Amino acid sequence: MKQIQTDAIRKLTEAKVKTFQNKRDFLVPHLREALCGFVEQDEDFAAAVMAEGKSLEGCVNDLKVPQGSHVSMSPYDAYRMAVQYFFPEADVELSVKISKPTKKQTSAKILNLRPSDLFAAWTRPRDVKMTDVGAAPDDGRSMIAPTKDGDG
């Protein structure tokens with residue numbers, strides 16, 4: 001990693017953010033983590049983060065709720081707007097994929113997801129964990145993945 005990327009990550013992680021609307025406070029840690037990941041990916045984006053007058057606070061407060069939505073925005077829209085605050089020409093590509101059980105696994109697995117898990121999973125998929133069927137809570141949020149034999 002180059003020095004500008006290290007400096008940009010430090011700028012984002014050390015930034016104090018005072019939002020104009022408290023409703024945006026929940027976005028700050030997710031955006032911070034995603035933006036740090038983008039800085040790691042691209043040196044030009046790191047330079048844009050380091051530009052004079054650009055800050056995480058300005059980024060968060062510049063987010064605009066999409067027209068037709070009175071309350072919220074998708075994680076994709078939040079990331080796209082955050083990236084375009086720093087780097088107007090850039091866009092965000094989103095990819096979501098599943099991991100099938102290995103051949104050695106023969107029992108069904110349950111993937112427990114809450115909306116907050118999905119938001120975090122888009123930035124760092126490693127945070128979502130599979131649990132054994134018997135260990136999962138019966139809370140209506142579970143999905144059973146097929147077993148090796150296709151039963152599920």
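Mentor: Start with Lys 16, which sits in the loop between α1 and α2. Keep in mind that this is a predicted model.

Trainee: Is Lys 16 buried or exposed?

Mentor: Lys 16 has a relative accessible area of 74%. The cut-off for exposed is over 50%, so Lys 16 counts as exposed.

Trainee: And how far is Lys 16 from Leu 56 in space?

Mentor: Their C-alpha atoms are 8.0 Å apart, although 40 residues separate Lys 16 and Leu 56 in sequence.

Trainee: Let's move to the helices on either side of that loop. At what angle do the axes of α1 and α2 cross?

Mentor: Helix α1 covers residues 3-14 and helix α2 covers residues 27-41; their axes cross at roughly 175° and come within 9 Å. That angle makes α1 roughly antiparallel to α2.

Trainee: Which residues meet there?

Mentor: From α1 there are Gln 5, Ala 8, Ile 9, Leu 12, Thr 13 and Glu 14. They meet Arg 32, Leu 35, Cys 36, Val 39 and Glu 40 of α2. Sorted by class, this contact of α1 with α2 has 6 nonpolar, 2 polar and 3 charged residues.

Trainee: I also marked Thr 6. Where is that, and how accessible is Thr 6?

Mentor: Thr 6 is in helix α1. Its relative accessible area is 30%, so Thr 6 is partly exposed.

Trainee: Next, α3. Which of its residues are buried?

Mentor: Helix α3 runs over residues 43-50, and Phe 45, Ala 46, Ala 48 and Val 49 are buried in it. Looking down the axis of α3, these buried residues fall within an arc of 160°, so they line one face of the helix.

Trainee: How do α2 and α3 sit relative to each other?

Mentor: Their axes are 5 Å apart, and the packing angle is about 125°. The two helices, α2 and α3, are therefore oblique to each other. On the α2 side the contact is made by Leu 35, Phe 38, Val 39 and Gln 41, and on the α3 side by Glu 43, Phe 45, Ala 46 and Val 49. By class, that contact of α2 with α3 has 6 nonpolar, 1 polar and 1 charged residues.

Trainee: You mentioned α5. What about Val 83, buried or exposed?

Mentor: Val 83 is in helix α5. With 4% relative accessibility, Val 83 counts as buried.

Trainee: What is Val 83 in contact with?

Mentor: Setting aside neighbours within four places in sequence, Val 83 is in contact with Leu 35, Phe 38, Phe 45, Ala 90 and Val 92. Leu 35 and Phe 38 also take part in the contact of α2 with α3, as does Phe 45. The C-alpha atoms of Val 83 and Ala 34 are separated by 9.4 Å, and these two residues are 49 residues apart along the chain.

Trainee: Now the whole chain. How many helices and strands are there?

Mentor: There are 6 helices and 3 strands. Along the sequence the pattern is α-α-α-α-α-β-α-β-β.

Trainee: How much of the chain is buried?

Mentor: Of the 152 residues, 32% are buried. As for contacts with a separation of 6 or more, 66% of them are between residues 24 or more positions apart.

Trainee: What is the mean pLDDT of the chain?

Mentor: The mean is 74, and 60% of the residues reach 70 or more. Over residues 121-152 the pLDDT is below 50, and this stretch has 65 contacts in the model beyond near neighbours in sequence.

Technical notes. Residues are numbered from 1 along each chain as its sequence is written. This is a predicted model: local features need pLDDT of at least 70, side-chain atom pairs count only at pLDDT 80 or more; totals for chains, interfaces and linings use all residues. Side-chain values use heavy atoms; hydrogens and water are left out. pLDDT is the predictor's confidence in each residue, from 0 to 100. Contact means heavy atoms within 4.5 Å. Axes are lines fitted to C-alpha atoms, for helices over the stretch in contact, and angles run from 0 to 180 degrees between N-to-C directions. Helices (H or I, at least four residues) and strands (E, at least two) are DSSP runs, numbered from the N terminus. Angles under 35 degrees count as roughly parallel, over 145 as roughly antiparallel, 65 to 115 as roughly perpendicular and the rest as oblique. Ala, Val, Leu, Ile, Met, Phe, Trp, Tyr, Cys and Pro count as nonpolar, Asp, Glu, Lys and Arg as charged, and the others, Gly among them, as polar. Buried means under 20% relative accessible area, exposed over 50%, partly exposed in between (1.4 Å probe, protein chains only). The arc is that of the directions from the helix axis to the C-beta atoms.
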